[in-house]
Amino acid sequence: MDLRFSDEDEAFRAEARAWLTGELSGPFAGVRGRGGPGDEHALFDERLAWEQHLGSSGWNCVGWPKEHGGRGLSLHQQVIWFEEYARAGGPGRLGHIGEGLVGPTVMAFGNEDQQARFLPGIVAGTALWAQGYSEPNAGSDLANIATRAVPDGDDWLITGQKVWTSLAHWSDWVFVLARTDPDATPKHRGISYFLMPLRQDGVEIRPIRQVTGTSEFNEVFFDDARALGVDLVGGVNNGWKVAMGTLAFERGASTLGQQMAFRNELDDVIA
């Protein structure tokens with residue numbers, strides 16, 4: 001494999017660097033370098049405006065296919081974008097879970113209606129997402145989840161608890177693993193994957209205070225919260241396959257920018 005950047009790649013680097021340098025030294029200079037680990041609560045409104053500016057300027061979801069609102073960048077160019085974003089001091093992203101996890105999942109496993117309804121808000125930076133996987137007794141043993149979903153007409157009522165839910169207090173939506181067949185064996189066969197709004201009756205979000213004094217993580221409690229039947233991804237009891245797909249996307253290029261920012265911070269500390 002040739003890991004060198006082509007002339008086209010380097011031209012893209014120049015374009016990305018010029019745009020980021022201009023925007024982060026101009027109208028968005030105040031968010032430069034803010035919102036990373038330990039600073040998650042900084043300048044939420046300003047960073048949300050930045051997310052939406054990325055979307056309106058064509059710099060959000062850059063690795064997504066063009067038909068879904070992205071730029072269709074190659075892996076090399078995605079790496080360049082993350083590298084330049086970190087170099088420019090781009091702020092901690094509020095839309096990471098939508099862009100890197102649920103968006104690709106909906107593209108891979110969702111139907112056309114779900115893609116049409118959910119993907120544009122992620123690209124535009126107007127819909128923030130959280131992840132509803134871990135539970136008090138189901139962290140590394142994800143198949144042991146106890147959160148349940150029972151049918152209610154065409155919809156589902158969700159009851160249970162999720163924990164370590166990043167940025168749930170700011171999010172509009174959450175993707176939730178819930179048990180739809182309590183008798184299924186092995187256990188992972190009775191799980192379904194729901195997309196559901198967080199701002200509804202039957203949802204309570206409790207921040208988990210960290211030693212930093214801030215609360216990046218949350219507990220989320222569901223008490224007959226409603227998930228629409230049309231927002232179930234992949235079919236009833238097929239959620240394990242969808243969930244594993246989400247985790248595969250999470251382990252892709254989506255966190256490169258943060259890792260590069262860590263390296264830049266280390267260089268500053270030891271300089």
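Student: Leaving aside neighbours within four places in sequence, which residues is Trp129 in contact with?

Tutor: Trp129 is in contact with Ile97, Gly98, Val102, Phe118, Ile122, Ser171, Trp173, Val174, Phe175 and Leu195. Contact here means heavy atoms within 4.5 Å. Keep in mind that this is a predicted model, where local features need pLDDT of at least 70 and side-chain atom pairs count only at pLDDT 80 or more, while totals for chains, interfaces and linings use all residues. Residues are numbered from 1 along each chain as its sequence is written, and side-chain values use heavy atoms, with hydrogens and water left out.

Student: OK, and which residues touch the most other members of the largest nonpolar core?

Tutor: Trp129 again, along with Tyr133, Phe175, Leu177, Tyr193 and Leu195, out of 26 residues in that core. A nonpolar core is a set of buried Ala, Val, Leu, Ile, Met, Phe, Trp, Tyr and Cys residues joined through side-chain atoms within 4.5 Å.

Student: Which helices and strands supply at least two residues each?

Tutor: Helix 4 (96–109), helix 5 (112–124), strand 4 (173–179), strand 5 (191–197) and helix 6 (239–250) each do. Helix 4 gives the most, with five residues. Helices (H or I, at least four residues) and strands (E, at least two) are DSSP runs, numbered from the N terminus.

Student: Strand 4, then. Is Ala178 in there buried or exposed?

Tutor: Ala178 is found in strand 4, and it counts as buried because its relative accessibility is 0%. Buried means under 20% relative accessible area, exposed over 50%, and partly exposed in between (1.4 Å probe, protein chains only).

Student: What does Ala178 touch, not counting residues up to four places away in sequence?

Tutor: Ala178 touches Ile145, Thr147, Arg148, Ala149, Ile158, Gly190, Ile191, Ser192 and Phe194.

Student: New topic: at what angle do helix 1 and helix 3 pack?

Tutor: About 30 degrees, with the axes of helix 1 (residues 7–24) and helix 3 (residues 75–87) 9 Å apart. Axes are lines fitted to C-alpha atoms, for helices over the stretch in contact, and angles run from 0 to 180 degrees between N-to-C directions. So helix 1 and helix 3 are roughly parallel to each other, a label for angles under 35 degrees.

Student: Who meets whom there?

Tutor: In helix 1, the residues include Phe12, Ala16, Trp19 and Leu20, and among those they meet in helix 3 are Ile80, Trp81 and Tyr85. The contact of helix 1 with helix 3 divides into seven nonpolar, two polar and seven charged residues. Ala, Val, Leu, Ile, Met, Phe, Trp, Tyr, Cys and Pro count as nonpolar, Asp, Glu, Lys and Arg as charged, and the others, Gly among them, as polar.

Student: And how do helix 1 and helix 2 pack?

Tutor: Their angle is about 145 degrees and their axes are 13 Å apart, helix 2 being residues 44–56. Trp19, Leu20, Glu23 and Leu24 in helix 1 meet Trp50, His53 and Leu54 in helix 2. That contact has five nonpolar residues, one polar and one charged.

Student: What about the loop between helix 1 and helix 2: where is Leu43?

Tutor: Leu43 sits in that very loop. Its phi is near 50 degrees, a positive value in a residue other than glycine.

Student: Which residues does a cis peptide bond join?

Tutor: Thr185 and Pro186, with omega about -10 degrees. Pro186 is in the loop between strand 4 and strand 5.

Definitions and conventions: Angles under 35 degrees count as roughly parallel, over 145 as roughly antiparallel, 65 to 115 as roughly perpendicular and the rest as oblique.
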